[in-house]
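Hi,

Here is the structure I promised to pass on. Have a look at it first, then read my notes below.

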Amino acid sequence: MPLNDDQNSDFDSSRLSESTASSSDSEYSRQSFTSDSSSKPSSPASTSPPKTVTFDELMAAARNLSNLTLAHEIAVNENFHMEHVDLPQNSSLEGRVKQIVHKAFWDHLESELNEDPPEYHHAIKLFEEIKETLLSFLTPGANRIRNQICEVLDADLIRQQAEHDAVDILGLANYVINTMGKLCAPIRDDDIKQLKATVNIVELFRQIFHVLDLMKMDMVNYTIQNIRPQLQRNLVDYERTKFQEILEETPSALDLTTEWIKESIKDELSVSCETSSSPGADGSSKPNLSPTLVLNNGYLKLLQWDYQKKAIPETLITDEVRLQKLKEKLNELQIIACVSLITSNMVGTAIVGLPDFADKLKRISAVLLEGMNKEKFDLKEALNTIGVQICSEVNRSLSERGFPTLNMEIQNSLVGQICSIVEEENPISSLIDKRIQLYMKSLLTLPSIQKCMPVIPGGLAVIQVCQFLLLLYE
């Protein structure tokens, strides 16, 4: 890419962070950023008067969170990039307004250039803007091309030429296009060719600005790609520093995180008390809770979190979308495991143990459960269809092997049990959920998930929960 000559990555990194964060100062502010906090969560006994958080302090915290979110997404998401978005002109009010305003401007420019003699006031303004955009693409060491751009697109010189009717608008536009061709990424070569083929000067101006917008996105994405390794190396320290800055601006900024950890501690203490009160246990021993155990339990709670009704802990805001997708994937796998276990119990190992039969049931369930987390998805109807399809597949396999097919009573019972999976306190669903939670908890305590895998509990082999945990580790 021609943009990387003598590139100073620190300079580009700073410019990207500041420009992106300034456009979304308040986008990531959360409910916990309140203005009536009295003290930090770590000092509940403080008797200091309530601190009033000013609007500037609140916005500073929002900027810190916005920068943190951007840096985290760049570091953990290899596919993160910026895209040029064209607003829909028919369905969007903003898009229609933009279309009307832009059309009025380009029509006015065309009328000026068609006057006798032509009026170049707005055309010169456009060249000034193009000049600044081209200069923004250059690295600090690109002095030769910088001087050339400043010399050719000198607004004062163009005005003098315009006063004597000696300005060559088309020649200046061609210079701009050639310069863009030197600076753009290879993906824009076709766009440059289309610019060179455009004859109408007003349309040429319009397309030049469109391609410049695309080049800005290319520049941003190129910078993101360059700073990603550095962010990955320093992400932990950076996030710790940013959260400390947020906490100093708004002392209540981590209230949800504090409550989340307290709930995890309470859960672990409850489990420890139950264990100590069981027969044969030493009741005099005190619970021994490690920070890792508390955090692991807290993370597992996030896989059962109601993301629609309950705000996520502030320290995990940057991963909220990923955590929600993990929860949705786990819900789907849990239903598939329930379907497999019910089928196995109803039909018997003669059929379920056949090669690839379990995979067939899994594929049937996975296809029909696709989109199950969408609001309008009818899960009850999908489970009924899964039950019918499984009955059909089981009967086909039985017939191929000379066994009698399932009678209607057994088929209705199988479909009914599958449909009842979504009911509260369903024994099969509760059993599978408990096994998944215990298995994931044991996996999270391992020093290396790839080296020593515990035995997979019964009923979970079909859903490949290990692969899910690898996603969780990533």
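**Two helices side by side**

Let's start with a pair: helix H5 (residues 143-152) packs with helix H7 (residues 169-183) at an angle of about 160°, and their axes are 11 Å apart. Keep in mind that this is a predicted model. In general, two packed helices are described by the angle between their axes and the distance between the axes. An angle over 145 degrees counts as roughly antiparallel, so H5 and H7 are roughly antiparallel to each other. Their crossing is left-handed.

Which residues make the contact? From H5 come Ile145, Gln148, Ile149 and Val152, and from H7 come Leu172, Tyr175, Thr179 and Leu183. Sorted by type, the residues of this contact are 6 nonpolar, 2 polar and no charged. You may find a general point handy when you look at such lists: an α-helix has 3.6 residues a turn, so residues three or four places apart point the same way.

**More on H7**

H7 has 15 residues, and from its first C-alpha to its last it reaches 21 Å, close to the 21 Å expected at 1.5 Å a residue. Its buried residues are Ile169, Leu172, Ala173, Tyr175, Val176, Ile177, Thr179, Met180 and Leu183. What do these buried residues pack against? Their partners are H5 plus helix H4 (121-136), helix H6 (155-163), helix H8 (189-197) and helix H9 (201-249).

**Another helix to check: H11**

With 12 residues at 1.5 Å a residue, H11 should span 16 Å, and its end C-alpha atoms are 17 Å apart, which agrees. Buried residues in H11 are Val294, Asn296, Asn297, Gly298, Leu300 and Leu302.

**A loop residue**

Now find Val85, which sits in the loop between helix H2 (55-76) and helix H3 (93-113). Is Val85 buried or exposed? Exposed means over 50% relative accessible area, so Val85, at 59% relative accessibility, counts as exposed. Val85 and Asp213 are 128 residues apart along the chain, yet their C-alpha atoms are separated by 10.0 Å.

**The whole chain**

Zooming out, the chain has 18 helices and 0 strands. Of its 474 residues, 39% are buried. And if you take the contacts between residues at least 6 apart in sequence, 70% of them join residues at least 24 apart.

Cheers

How values were computed
Residues are numbered from 1 along each chain as its sequence is written. This is a predicted model: local features need pLDDT of at least 70, side-chain atom pairs count only at pLDDT 80 or more; totals for chains, interfaces and linings use all residues. Side-chain values use heavy atoms; hydrogens and water are left out. Helices (H or I, at least four residues) and strands (E, at least two) are DSSP runs, numbered from the N terminus. The expected span of a helix is 1.5 Å times one less than its number of residues. Buried means under 20% relative accessible area, exposed over 50%, partly exposed in between (1.4 Å probe, protein chains only). Axes are lines fitted to C-alpha atoms, for helices over the stretch in contact, and angles run from 0 to 180 degrees between N-to-C directions. Angles under 35 degrees count as roughly parallel, over 145 as roughly antiparallel, 65 to 115 as roughly perpendicular and the rest as oblique. A crossing is left-handed if the near helix is turned anticlockwise from the far one by less than a right angle, and right-handed if clockwise. Contact means heavy atoms within 4.5 Å. Ala, Val, Leu, Ile, Met, Phe, Trp, Tyr, Cys and Pro count as nonpolar, Asp, Glu, Lys and Arg as charged, and the others, Gly among them, as polar.
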